[in-house]
Amino acid sequence: MAYDYSKYLRSGKIPHIWCPGCGYGIIMKSLIRAIDATGLNKDEIVLTSGIGCASRLPGYMDFNTLHTTHGRSLAFATGVKVANPKLKVIALGGDGDMTAIGGNHFIHACRRNIDITCFVFNNYIYGMTGGQYSPTTPKNSRATTAPYGNADNQFDIAQLAIGAGATFVARTTTYHAVPMEKLIKQALDHKGFSVVEIMAGCPTGYGRKNKQGSPANMILWQKENAIPANKAKEMSAEEMEGKFAIGVLHEVQKPEYVEAYDAQVGLK
């Protein structure tokens with residue numbers, strides 16, 4: 001029997017705005033299935049987002065949602081979590097939204113270890129706002145703001161999150177839809193700040209400028225270059241050149257921020 005996604009969707013907001021070949025619909029389906037597996041009801045879930053293609057996702061989903069200002073998804077999510085710690089708070093956004101305009105909020109949410117799950121959709125570009133290069137655009141790749149190629153070194157989002165103090169960090173791709181669902185569920189179950197970086201193709205804003213071929217070619221690129229984390233640990237830097245690890249990359253337990261704060265000020 002086919003899975004019924006409709007109970008989690010705002011049918012009046014469909015069809016979505018994503019371009020043909022965009023992988024964000026795959027992510028939304030995996031997210032719905034993972035949330036369903038938690039057993040939480042819709043009133044216990046809060047989704048926050050900033051601005052961009054990824055940040056349109058909460059508008060399609062029938063939970064408590066906040067579509068906020070550019071880069072501020074985690075700031076709003078933090079306020080919600082502190083005000084009502086019983087809620088399951090999820091913040092999501094694209095690579096530019098989370099690690100450029102919202103970069104400061106991202107690193108401080110990581111270091112606080114507040115119990116929020118953060119999904120970063122990494123398509124190497126600012127898609128909605130015009131195809132500008134972002135902190136994850138590969139060096140020498142082209143963008144509307146880098147017509148001769150991007151001179152900047154790119155962020156590794158997962159390593160940035162680990163370095164800043166996130167206690168659960170994972171990476172997946174839109175090709176790996178079923179493993180993605182399981183990783184999202186693991187992140188939702190984790191107590192503390194969890195980050196899942198999801199590699200996704202942008203055929204319109206990035207693919208055309210960089211001659212990536214069809215949307216199918218772009219998703220096959222993910223398949224061919226993603227290496228399971230356990231195998232990646234055994235490979236040399238030269239062997240990993242141009243490739244990236246997927247799976248759970250980091251998981252530790254540390255005191256959660258709201259509980260620690262309440263104890264600090266005598267509320268617990």
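Visitor: How many nonpolar, polar and charged residues are in the lining of the second largest pocket?
Guide: This is a predicted model, in which local features need pLDDT of at least 70, side-chain atom pairs count only at pLDDT 80 or more, and totals for chains, interfaces and linings use all residues. Residues are numbered from 1 along each chain as its sequence is written, and side-chain values use heavy atoms, without hydrogens and water. A pocket is an open set of points on a 1 Å grid where a 1.4 Å probe fits, with protein on both sides within 12 Å along at least five of seven lines, and lining residues have an atom within 4 Å of a point. With Gly counted as polar and Cys as nonpolar, the lining divides into 9 nonpolar, 5 polar and no charged residues.

Visitor: Which helix gives the most to the lining of the second largest pocket?
Guide: The volume of this pocket (the space filled by probe spheres set on the points) is about 170 Å³. Among its 14 lining residues, Cys19, Cys53, Gly127, Cys202 and Thr204 are the closest to the centre. Helices are DSSP runs of H or I with at least four residues, strands runs of E with at least two. The top contribution, 3 residues, comes from residues 203-207, helix α8.

Visitor: Which element gives the most to the lining of the largest pocket?
Guide: The largest pocket has a volume of about 590 Å³. Of its 20 lining residues, Tyr124, Gln154, Gly242, Lys243 and Phe244 are closest to the centre. At least two lining residues each come from α6 (157-164), β8 (194-199) and β10 (244-251). The most, 3 residues, come from β10.

Visitor: How many residues of strand β3 are buried?
Guide: Buried means under 20% relative accessible area with a 1.4 Å probe. One side of β3 has Lys88, Ile90, Leu92 and Gly94, the other Val89, Ala91 and Gly93, and both faces are covered. For strand β3 (residues 88-94), the count is 7 of 7.

Methods
Buried means under 20% relative accessible area, exposed over 50%, partly exposed in between (1.4 Å probe, protein chains only).
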